[in-house]
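Student: I would like to learn how to read the places where two parts of a protein meet. Can we work through one case?
Tutor: Here is the model to look at.

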Amino acid sequence: MKIGPYTFPDDLYYDREHNWARVDGQTVTQGLTDFGQAIAGEIIYIETPRVGREVKQGEAFMSMESGKWVGRVRAMVGGRIVAANDALEFDSTLVNSDPYGAGWLARIDMADPADLGRLMRASDPAFAEFIAAERAKYQK
Amino acid sequence: MDLYLLGSVSWLDSQLIYHALPRLGLEGLILLWPESPYVCIGYHQDAEQEVDLSYCRACGIPVFRREVGGGAVYLDGEQVFYQLVLRRTHPLVQGSKEALYRRLLEPVVLTLHDLGLAAGYKPVNDILVGGRKISGNGAGEIADSVVLVGNVILDFNYEMMVRVLRVPDEKFRDKVHKSLQENLTTLRRELGSAPDRARVQELLVRRFSEVLGPLTPRPLPEEVRLEAHRLAEERFSDAWLLRRGMRLPVRRVRIAAGRQVVQSVHKAAGGLIRATTEVADGRFVSVDLSGDFFFYPPRALDELASHLVGTPCCDAESTIAAFYATKGIESPGVTPGDLAKVLSMLR
């Protein structure tokens, strides 16, 4: 789905922190949306999480820096981190150039699929409303 | 909103208190200055790469890693710090980073106006007087809060700032020093003498209250002191300070918004190329090229460096190629693309 100039693939889940999640069985791959990377600007560094760490849904577990601003990335689901995108250490702008592909952030072995119920789909009317409000807030 | 007028505090408290407030879910504006100097690095920086830790240790200058962004800075009591902690849901921190900085730095700009200076905001987070930075700022999320930290520079020890940085060579250090002198100013330089810190504090309070609403002076709660004390053990450890941060193939010292001094190195087939440059708003301000490669005719490399000054960084390859064609340059194993590559690393 396209909302304005921004792409939101239909097969993904979304939260209100501008993250996306791709679900493959129990494994959830998380990244920053096209809109999220646009409002962040050029990302100069991403601190990736330690594999094996347990996180709760909504817990800050990564950080990224752009424009002398350190922002936190919150886990979309609870569980154990099984992979982090180490390529970002060498080229953090992959998040800007390919947010749904090479710019993925981390993979989490989901503890409770009920967490997905608290996320949105691109087709949800509430999601379109949320993005419209965010675009107005950021004038994007 | 709560206002904490702390005056002169230990260098460690000058950092820990604003880290403690958000962990306790408290909002507030803190104004203070450190009683002794220290070096403070950005959250993602690599201390060993950015700071001459041996020199700092030998001089008894502590080094601290903060949880907000930006680069290494030398801080002392000649700077009045403002530290604003607001919950992520606070209306003043909504929207783009630039809008947030502009909104929250307006009180600082107006404070400088009150002192008789024609200060202005320069995106993304600097305040300039006569084109020179007079206030440095950084921000970030800590727990469920947004924290903005910055300073009004009354006076500045340029020599120590340059000395505490780890630099590739003395030539680079000289360039950083010169650029800092030219692009960072102080109240003392602008006014002839530095105003009293209490006067600056009083003006900041008045101007911040216009944006934040009524400010109520309060003593620092005991729970904040306890949390700061708890954080001190963790944040004053080598494990925290020396954790791996971003390691770049270039050495970069940011002077002000849009202006930086950078050294980069590229290994071409014909030898090693080193570029030390100053870049401002996407154009070369100064360029120094050197290395162990051959470049004919003699002195043409210096001419090329001079030729690049004032040109857009993004046009480096075409500018260099045109120079090669005009001057009949021969540089075995080093192409215009190689020289452009070392310069493109300055981005």
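Student: How much area do domain 1 and domain 2 of chain B bury between them?
Tutor: Buried area is what two parts lose in accessible area when put together, summed over both. In this predicted model, domain 1 and domain 2 of chain B bury about 800 Å², with 52% of it on carbon and sulfur atoms.

Student: Where does chain B divide into these domains?
Tutor: Domain 1 covers 2–241 and domain 2 covers 258–344. Their centres, taken over C-alpha atoms, are 36 Å apart.

Student: How many residues of each domain are in contact?
Tutor: Domain 1 of chain B puts 9 residues in contact with 10 residues of domain 2 of chain B.

Student: How many salt bridges are counted between the two domains of chain B?
Tutor: For a salt bridge, look for a side-chain nitrogen of Lys or Arg within 4 Å of a carboxyl oxygen of Asp or Glu. Between these domains the count is 2. Asp288(B) and Lys171(B) form a salt bridge, with their closest N and O atoms 3.0 Å apart.

Student: Which element gives the most to the domain 1 side?
Tutor: Helix α6 (residues 170–183) of chain B does, with 6 residues. By class, the domain 1 side that touches domain 2 of chain B has 3 nonpolar, 2 polar and 4 charged residues.

Student: Now the two chains. What area is buried between chain B and chain A?
Tutor: The area is about 2,200 Å², and carbon and sulfur atoms give 45% of it. In chain B, the residues that lose the most area to chain A are His44(B), Lys97(B) and Glu141(B), together 31% of what that side buries. The contact takes 32 residues from chain B and 21 residues from chain A.

Student: How many salt bridges does the rule find across the interface of chain B and chain A?
Tutor: The rule finds 5. Arg243(B) forms a salt bridge with Glu47(A), where the closest N and O atoms are 3.0 Å apart.

Student: Which element gives the largest share of the chain B side?
Tutor: That is β10(B), with 6 residues. The chain B side that touches chain A divides into 10 nonpolar, 11 polar and 11 charged residues.

Student: Which strand of chain A is joined to β10(B)?
Tutor: Strand β9 (residues 69–74) of chain A is joined to β10(B) by 2 bridges, and the two run parallel. Val70(A) stands opposite Gly140(B) in β10(B).

Technical notes: Residues are numbered from 1 along each chain as its sequence is written. Chains are lettered from A and ligands numbered from 1 in the order in which they are written. This is a predicted model: local features need pLDDT of at least 70, side-chain atom pairs count only at pLDDT 80 or more; totals for chains, interfaces and linings use all residues. Side-chain values use heavy atoms; hydrogens and water are left out. Contact means heavy atoms within 4.5 Å. Buried area is the accessible area (1.4 Å probe) that two parts lose on being put together, summed over both. Helices (H or I, at least four residues) and strands (E, at least two) are DSSP runs, numbered from the N terminus. Ala, Val, Leu, Ile, Met, Phe, Trp, Tyr, Cys and Pro count as nonpolar, Asp, Glu, Lys and Arg as charged, and the others, Gly among them, as polar. Two strands pair if DSSP finds at least two bridges between them. Domain bounds come from an automatic or database domain assignment.
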